[in-house]
Amino acid sequence: MSDVRTAARIRVVAPAELSEEEAEAWRELRAKSGAPANPFMEPEFTRAVGRVRPRSRIAVVRDGDEPAGFFPYETGPLGQGRAIGKGVSDCQGAVLRPGLRLAAGELLRACSLSAWEFDNLEAGQDLFVPAAAEEFESPVIDVGQGYGAYEAVLRAQSPKFLRTTTAKERKLGRETGGTRFVFDERDPLALRTLMGWKSAQYRRTGRRDRFAKEWISELVRQLAVTRAPGCSGVLSVLYAADRPVAAHFGLRSRTVLSCWFPAYDPEFAKFSPGLILHLRMAEAAAAEGIGLLDLGRGAAEYKDALKTGALRVYEGSSVRPGPRAALSWLGREPARRAHSFVRDRPRLAGYAQRTLNQVGRLRDR
């Protein structure tokens, strides 16, 4: 009897089949959640992924005649599911009405999933956080009190960093004939330049080139022209004279800028153009009414220098008991534990990074 109730209550659709009425209900539920307005959690992001990932789905949960929840995901073999856009999405989870009576197993059963994997589950996702294997920090820049207040924080916690970076910005301007910054650049050539820099950076550091995957490149191109209050693509570019020297592509809502793909021209590395770019992004974001820049999960020196705090995100898998779930665990958990073992030991992590850099140098020969 419970399966009958579940089938009537939860409808699974492709992202393109989500009605505009349902999309608006999704936005309203998200706005009432009290969580930061991360653009990855908006229907526009899921719809964009759906256009490049055919196995994308949305479970629409109804309570009577009203939509009460939305769960975007991708399907895989043996009933294994994953967060929508997993691998590039920096905020994941379900959008549910507070107090909705729903169990994770009920939701997975309705979606015909044996497991649902996530690597950037947002805090407050009570349905899935108990299944998390690890917890991570996602550093943020708080500019809610204005850029001046943020600079004051930097002067107190990182005075040398701020002084050095602003001095390099002035030197860059002197040596190149002046700098300028565009917060929302619409030139497609600038986006192609950024993607080229980022691909080269991935190869140089021995990492997998995300833009070598056509679905990721196409997703970024689509989101670059997306303009919605809760999810808009933003390309920010730092120019020296008329030459781009650093750029960043991310997604914004009215109050959150989710930082995604930053890169710079290595020819200008001595000026730290990426750091200059982030300071100018923070300044422009504050002027736009954005209160939070989410730098994303992952350790990096530039994040430590820029951040004012951190959000919590989680990695793991919500599993519905059964033989398929066991196969999912065997295919996922040993590799995740190995990565965690290395990451939690700075000396090993250093060796691993040097090895990746060596691999990158060999690739470029």
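At roughly what angle do the axes of helix α6 and helix α9 cross? The axes of α6 (residues 159–176) and α9 (residues 273–287) cross at roughly 100° and come within 9 Å. This is a predicted model, where local features need pLDDT of at least 70, side-chain atom pairs count only at pLDDT 80 or more, and totals for chains, interfaces and linings use all residues. Residues are numbered from 1 along each chain as its sequence is written, and side-chain values use heavy atoms, with hydrogens and water left out.

**Helix α6 with helix α9**
- Axes are lines fitted to C-alpha atoms, for helices over the stretch in contact, and angles run from 0 to 180 degrees between N-to-C directions.
- From α6, Phe-161, Leu-162, Thr-165, Lys-168, Glu-169 and Leu-172 meet Leu-275, Ile-276, Leu-279 and Arg-280 of α9 (contact means heavy atoms within 4.5 Å).
- This contact has six nonpolar, one polar and three charged residues (Ala, Val, Leu, Ile, Met, Phe, Trp, Tyr, Cys and Pro count as nonpolar, Asp, Glu, Lys and Arg as charged, and the others, Gly among them, as polar).

**Helix α3 with helix α8**
- Helix α3 (residues 43–52) and helix α8 (residues 214–224) have axes that come within 9 Å and cross at roughly 140°.
- The two helices are therefore oblique to each other.
- Phe-45, Ala-48, Val-49, Arg-51 and Val-52 of α3 make the contact with Trp-215, Glu-218, Leu-219, Gln-222 and Leu-223 of α8.
- Seven residues of this contact are nonpolar, one is polar and two are charged.

**Largest cavity**
- The structure holds one cavity of 30 Å³ or more (on a 1 Å grid over the protein atoms alone, a cavity is a set of points where a 1.4 Å probe fits but cannot get out; a pocket is an open set with protein on both sides within 12 Å along at least five of seven lines; lining residues have an atom within 4 Å of a point).
- The largest cavity has a volume of about 50 Å³ (the space filled by probe spheres set on the points, which are joined across faces, edges and corners).
- Its lining includes Trp-26, Phe-40, Met-41 and Cys-91.
- Seven lining residues are nonpolar, three are polar and none is charged.

**Second largest pocket**
- The second largest pocket holds about 370 Å³ of space.
- Of its 18 lining residues, Leu-96, Arg-97, Gly-124, Gln-125 and Asp-126 lie nearest the centre.
- α2 (20–31) and β5 (95–96) each supply at least two lining residues (helices, H or I of at least four residues, and strands, E of at least two, are DSSP runs numbered from the N terminus).
- The lining divides into 10 nonpolar, four polar and four charged residues.

Note on methods. Parallel < 35°, antiparallel > 145°, perpendicular 65-115°, else oblique.
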